[in-house]
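Please read them with the structure open beside you.

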Amino acid sequence: MISVVIMTLEEALQRIHEAGRCFVIFDADTGEVLEVQESDAADAPDALLGTMGAASKVHGSVKGRFFDGAEVTLETLEHEVEESRCAAGRVAVFSRWSVLPPGELVRVLETDDFAPPMDTFHGPRHVIERIFDYSPDILLPFVRRLERIAQRTSVEQGLEAPVRLVLESKLAVLAGDFARLKTVWERHHPGTFSSLVWHPELLECIGDLRPRDPEPIEILIQTVSYPKPMMFGPRCEALRSLGKVGGPAGPRAARGIRDMIYDSTPSIMDLRECVLARIETPESEWEGCPRCYWGRVPGRPWQDDDYCAACLGLGFVR
Ligand SMILES: [Zn+2]
């Protein structure tokens, strides 16, 4: 039975101590304790899910934690309240950002200090990614402002190095400048190009350049067909980027993909077949995706990190 009366922290603490090993359901937005279940109920997964489901019907978003009652203090519960309020605050900000047009997102980057509950890494990084969901023709009027942000170096206003790398990379891609992309990465991560290129963000950027020159295409082929075991992330990003390249990737890319991208999940197999089709059918059969340019749909909800369903992230459909 789910209580609709919210307990005080002291009442919750007393019930947790009485319960011993227990599962506690919190209101995810406020951190207030909604229900304390003794371990018998908590050990049955079905009961647990049912109860979480029932709680969410009454209260909206909820979260659950297992506790050993003897170890829980008032500070433990106060910490949950603090964390939940921070998370709810972040969600409110992310939700507000997700409906802003690109010019307003640039202004957020120019003026926001990303104070708590946001932070100076995830906040600006999220904004940059959302800005660069938009197509080049929409972004071009904002390039000068974005370049100025990338060049800011003061401690108060400057971007953290990993965030600056993202922005500089995106600007290099927008300029269609592979040499600049290389320079940016060599400055942040010396030696990036002297062996296998494996940073997924970089492999994505190389694809976004839609290169026609052999050097960037060769990088993608080397990574997708790397003969030894490696993390799938880089290989998959090289695969997707070769799909962005299309025909100029050539038969060696297709061979590498067939050799090294094995049958696995349906989504990976769909992506592989789509990329092979892009490489092996005439360019004239393909057109720009109507929903996206870079592979993710502009204005998507804040928590949506998926690739565009229409083109699987390639930016082209037929
Ligand atoms: Zn698309």
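1. Two residues are taken to be in contact if their C-beta atoms, placed from the backbone, lie within 7 Å. Of the contacts in the chain with a separation of 6 or more, 63% are accounted for by residues 24 or more positions apart.

2. This is a predicted model, in which local features need pLDDT of at least 70 and side-chain atom pairs count only at pLDDT 80 or more, while totals for chains, interfaces and linings use all residues. Residues are numbered from 1 along each chain as its sequence is written.

3. The chain has 15 helices and five strands, these being DSSP runs numbered from the N terminus (helices H or I, at least four residues; strands E, at least two). Along the principal axes, its C-alpha atoms fill a box of roughly 70 × 50 × 35 Å.

4. Helix H9 (residues 161-174) and helix H10 (residues 178-188) have axes that come within 8 Å and cross at roughly 170°, where axes are lines fitted to C-alpha atoms over the stretch in contact and angles run from 0 to 180 degrees between N-to-C directions. H9 and H10 are therefore roughly antiparallel to each other, a term used for angles over 145 degrees.

5. Of the 318 residues in the chain, 32% are buried, meaning that 20 or more other C-beta atoms, placed from the backbone, lie within 10 Å of the residue's own. In helix H12 (residues 214-224), the buried residues include Pro216, Ile217, Ile219 and Leu220, and the buried residues of H12 pack against H10, helix H11 (200-208), helix H13 (232-245) and helix H14 (250-260).

Conventions: Buried ≥ 20, exposed ≤ 12 C-beta atoms within 10 Å, placed from the backbone. Parallel < 35°, antiparallel > 145°, perpendicular 65-115°, else oblique.
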